[in-house]
Every structure is written in structure tokens, then in C-alpha cells.
Amino acid sequence: MTTSTTRALLLCAAVAGPLWSAVSLAQAATREGFDLTRHPLSLLSTGSLGWLQIANFVVGGILLLLGAAGLRRALDGGWAPRLVAVAGAGMIAAGALVMDPADGFPAGTPAGPGAMGPAGIGHLAAGSVTFLSLIAACYVLGRRFSREGARGRAVASRVAGTALLLGNLWAMGGGTGGSLTLAVGAITAMLWIAWVAAETALMGRR
């Protein structure tokens, strides 16, 4: 059985994905000039309300770091908790390193990719670390579930990792609506990690 401290840490991971997703999508739907088919969610960190998304990244990253500690305790270590921790650190870095305004957002920004400064480059690097860590964590969890005979969970875990992998590759390749496919993939993977953490906390699974 997991201890109360471990459950509290696991619930941090359970909250991280839904909170980050809800705050990001709420802004995407309400910020003037933002188009999810053209603008990555990271671009919400720019403009007068950019502090909301910056805080969203930082808080989400901290929650994942805490949740990773809970997963390490509940799952007796392994690579999955380490990868979740790396993803959390990447999110914090992505919050600290803000993308440059581009492609008409925030409102008034000229069309086109625009210039990219050191912070923008750092944000892309931090984002890549976060995505790769989440993808790997989903596949590692999928392998663990397979060993335990939990076939449905194993399939779901691999689907979540693949959704982010394909969404990221499509976006990096300049595919139509790439920012949307990336957002769907990232949210899917984060929500799956959240589900695993919540189930582990509630069931006292080791």
C-alpha cells in the first residue's frame, strides 16, 4: 500500500496534465488572434497575458516533478518516474524561456515566422526534451503494463506515446495544422500520465 505522502505526490502528477491542458485550451479559445491550427500553445506565453501560460508551464512542471517522486516510490523506481521528472524539468525551462512572437500573434505581430532569439531557441530545446521524455515514459509504462498482463493499459499507454510522437513529427515537418496535432498529442500523453498517477494513488498499486 502507498503511504499518504506518496499518494499526495501522485496526485500532483494526476493534476498536472488536466490543469495544464485546461488552462492552455481556455486561453487558446479566448486570446485575441490565437489560432490553434497555426499557433503552438507555447506562443500563449507572449503578449500582455503571457504570464498566464508562463505560470502554467512552471506550475505544471513542478507538479510533474513532485508526481515523479510519488511514482518512484509507488512503482519501486524504474525509468518511468525518471522520464516524468525530466519532462517536468523541461516544462519549467519552457516557462522560463519564452517563445518569440510570430505569425500574427500576439495581435499586431507581423505575419511569418519572425526572428528567433536565444530564449526562443531555448524554449524549443526545452519543449523537445519534454516531448521526448513524455513519449518515452508512455512506452516504458506500456512495457510495464504488458509484463503485468494489463493489456488494455499497455495499449493505451503506447497509443498516448504514439499520438505525441506523430503529432510532434507532423508539426516539425511543417504539416498542415501541425500546431493542432502537436497540441492533441501533448495533451493525450499528459492526460495518460495523469491517469496512471491517479489510478496508482487511488488503488495503492505498487
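Let me begin with helix α4, which has 31 residues and reaches 45 Å from its first C-alpha to its last, close to the 45 Å expected at 1.5 Å a residue (the expected span being 1.5 Å times one less than the number of residues). Helices here are DSSP runs of H or I with at least four residues, numbered from the N terminus. Please keep in mind that this is a predicted model, in which local features need pLDDT of at least 70 and side-chain atom pairs count only at pLDDT 80 or more, while totals for chains, interfaces and linings use all residues. Residues are numbered from 1 along each chain as its sequence is written, and side-chain values use heavy atoms, with hydrogens and water left out.

Now to the packing: the axes of α3 (residues 79–96) and α4 (residues 118–148) come within 8 Å and cross at roughly 160°, where axes are lines fitted to C-alpha atoms over the stretch in contact, and angles run from 0 to 180 degrees between N-to-C directions. The two helices are therefore roughly antiparallel to each other, a term for angles over 145 degrees. The contact (heavy atoms within 4.5 Å) includes Trp-79, Leu-83 and Met-91 of α3 and His-123, Val-129 and Leu-141 of α4.

In one of them, Asp-103 pairs with Arg-38, the closest N and O atoms being 3.3 Å apart. Asp-103 lies in the loop between α3 and α4, whereas Arg-38 lies in the loop between α1 (4–30) and α2 (50–74), 65 residues apart.

Conventions
Angles under 35 degrees count as roughly parallel, over 145 as roughly antiparallel, 65 to 115 as roughly perpendicular and the rest as oblique. A salt bridge is a side-chain nitrogen of Lys or Arg within 4 Å of a carboxyl oxygen of Asp or Glu.
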